[in-house]
Amino acid sequence: MSDIDVIVIGAGIHGTGVAQAASAAGYKVLVLEKNGIAAGTSSKSSKLVHGGLRYLESAQFSLVRKSLKERAILCRLAPSLVKLRPFYIPIYKTTTRRPWQIRFGLSLYAVLGGLRKENLFKRVRREDIKKLDQLEQTNLQKVYQYNDGQTNDVKLTKAVMFSAKALGAELKCPVNIVSIVKGKMGFKVNYKEADKEVSVQAKVIINAAGPWVNELHELINPKVNSLDVDLVQGTHIIIDAPAPSGIYYLEAEDNRAVFVMPYEFDGELKTMIGTTEKLFQGKADDVKPGEEEVEYLFNIYKSYFPEYKKVNVIHEFAGLRVLLKDNGTMFARPRDTILHWAMPGLLTLYGGKLTAYRSTSELVIKKIKPLLGKKRRVAYTDQLYLSLDG
Ligand SMILES: Cc1cc2nc3c(=O)[nH]c(=O)nc-3n(C[C@H](O)[C@H](O)[C@H](O)COP(=O)(O)OP(=O)(O)OC[C@H]3O[C@@H](n4cnc5c(N)ncnc54)[C@H](O)[C@@H]3O)c2cc1C
């Protein structure tokens with residue numbers, strides 16, 4: 001019998017986060033990843049470490065409060081990877097969300113964030129509005145500014161894996177999982193690594209396979225119960241316009257919120273725009289940006305920044321959100337992670353936010369502790385600095 005306590009499947013932000021938290025709690029951890037660290041959704045996000053102002057509209061207050069708390073922790077633990085940026089919300093005559101609603105939302109956001117100085121918002125002075133990155137001025141009534149976090153999702157995920165490894169976790173990548181068999185003493189995972197067949201055993205399995213979670217369930221014997229989910233595609237584009245000085249929170253024609261933000265691409269600061277929300281059908285491996293999504297995002301940019309006429313889309317990418325099936329609009333569906341015991345000893349993570357990965361991972365540890373018993377804790381994740389510099 002192997003002495004591995006936990007096998008984590010998937011090295012996205014949740015898999016690496018759980019590996020770090022489990023190793024910190026004293027458990028022996030093995031991470032199995034089929035492609036690369038952050039190869040899935042964790043490299044396709046909007047790169048925001050935020051409470052999610054827009055989630056206030058669907059009354060997800062506890063998610064916003066928790067995420068703002070995590071944002072503060074990550075700004076402290078990973079100052080080179082997570083940075084506060086100015087966010088601008090322009091309000092035109094035609095904007096649906098009126099100034100009082102924005103002020104109300106931003107006040108609530110500040111309260112949920114603990115009324116710290118960095119959570120306060122302001123109205124941009126009229127003379128300063130004109131200096132805002134060639135933002136369309138016609139019919140512009142007001143601009144509000146608040147702060148939120150931005151990161152590089154790939155670097156953040158790598159830094160979390162780096163921290164997990166420093167605590168003793170092991171990563172095998174790339175591997176191809178062939179089967180997972182439940183036995184009396186735990187699980188046997190059979191996988192191929194460079195055509196070599198390997199079997200490992202562990203007491204607990206964490207399925208952190210992102211949009212592939214239910215596909216992974218199909219490899220498990222005996223059969224497990226999966227939750228019914230929708231995969232919702234979100235596309236981003238990168239254009240060769242000068243990077244804006246902050247992040248613009250814009251209202252699209254269909255009332256959705258779309259961000260225009262500075263982002264480093266190929267070593268240069270460019271402009272990134274996203275995202276869309278489109279129901280995805282098919283295999284998670286096949287996700288790719290749709291032409292109409294690219295056009296939708298590019299048109300939003302051009303309507304708010306009409307001065308930049310000769311800009312081109314230089315890169316596009318799409319990722320998949322995992323949302324529980326429900327009759328509500330995609331926008332209003334809960335974004336918090338669902339932890340589901342697919343069978344005793346096998347915990348599956350559905351959905352969630354990059355921002356909240358650390359608190360989600362701690363919750364996972366709480367759930368699996370009764371199965372593993374208590375070990376001597378090695379560290380606390382809210383005290384472990386994250387960096388790629390070692
Ligand atoms: C468009 C979009 C924008 C977003 N923007 C934000 C944002 O700005 N801020 C925020 O906080 N959150 C955001 N999110 C949410 C956030 O990105 C995700 O919740 C998070 O990245 C999911 O991480 P994960 O580890 O669960 O999944 P993933 O990152 O998808 O990781 C799953 C991993 O499992 C591996 N895997 C799959 N199957 C197997 C297998 N059989 N064997 C081995 N490995 C396997 C995959 O290769 C992958 O590396 C966004 C999501 C989307 C879709």
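This is a predicted model: local features need pLDDT of at least 70, side-chain atom pairs count only at pLDDT 80 or more; totals for chains, interfaces and linings use all residues.
The length of α1 can be checked with simple reasoning: at 1.5 Å a residue, its 12 residues should span 16 Å, and because its end C-alpha atoms are 16 Å apart, the expectation and the model agree. Just after α1, G26 takes a positive phi of about 100 degrees.

## Helix α5

Helix α5 (residues 153-166) can be checked by the rule of 1.5 Å a residue, under which its 14 residues should span 20 Å; its end C-alpha atoms are 20 Å apart, which agrees. After α5 comes G168, whose phi is positive, near 115 degrees.

Which residues of α5 are buried? They are D153, L156, T157, K158, A159, V160, M161, S163 and A164. These buried residues pack against α1 and against the strands β2 (29-32), β4 (82-92), β6 (140-151) and β7 (170-172).

## The nonpolar cores

The largest nonpolar core holds 64 residues, and those that touch the most other members are V6, V8, I9, A19, V29, I205 and I206. The largest share of this core, 6 residues, is supplied by α1. If residues up to four places away in sequence are not counted, V8 touches G15, V18, A19, V29, V31, I206 and A208. Apart from this core lies another one, of 37 residues, and among its members are L53, F87, L132 and L250.

## Domains and their contact

The chain is divided into domain 1 (4-42 + 154-225 + 334-383), domain 2 (49-150) and domain 3 (229-324). The C-alpha centres of domain 1 and domain 3 lie 30 Å apart, and 10 residues of domain 1 are in contact with 9 residues of domain 3.

On the side of domain 1 that touches domain 3, helix α6 (residues 213-217) gives the most, with 3 residues. By class, the residues on this side of domain 1 divide into 5 nonpolar, 4 polar and 1 charged.

## Around the ligand

How many residues surround the ligand? There are 37 of them, and the closest are G10, G12, G40, G210 and G234. The elements that give two or more residues to this shell are α1 (13-24) and β17 (313-324). Sorted by class, the shell has 15 nonpolar, 16 polar and 6 charged residues.

When its neighbours within four places in sequence are left aside, S199 is in contact with K188 and N190. The C-alpha atoms of S199 and D3 are separated by 13 Å, although these two residues are 196 residues apart along the chain.

Methods
Residues are numbered from 1 along each chain as its sequence is written. A residue is near a molecule or strand if its C-beta atom, placed from the backbone, lies within 6 Å of it. Helices (H or I, at least four residues) and strands (E, at least two) are DSSP runs, numbered from the N terminus. Ala, Val, Leu, Ile, Met, Phe, Trp, Tyr, Cys and Pro count as nonpolar, Asp, Glu, Lys and Arg as charged, and the others, Gly among them, as polar. Domain bounds come from an automatic or database domain assignment. Two residues are in contact if their C-beta atoms, placed from the backbone, lie within 7 Å. A nonpolar core is a set of buried Ala, Val, Leu, Ile, Met, Phe, Trp, Tyr and Cys residues joined through C-beta atoms within 7 Å. A residue is buried if 20 or more other C-beta atoms lie within 10 Å of its own, exposed if 12 or fewer, and partly exposed in between; C-beta atoms are placed from the backbone. The expected span of a helix is 1.5 Å times one less than its number of residues.
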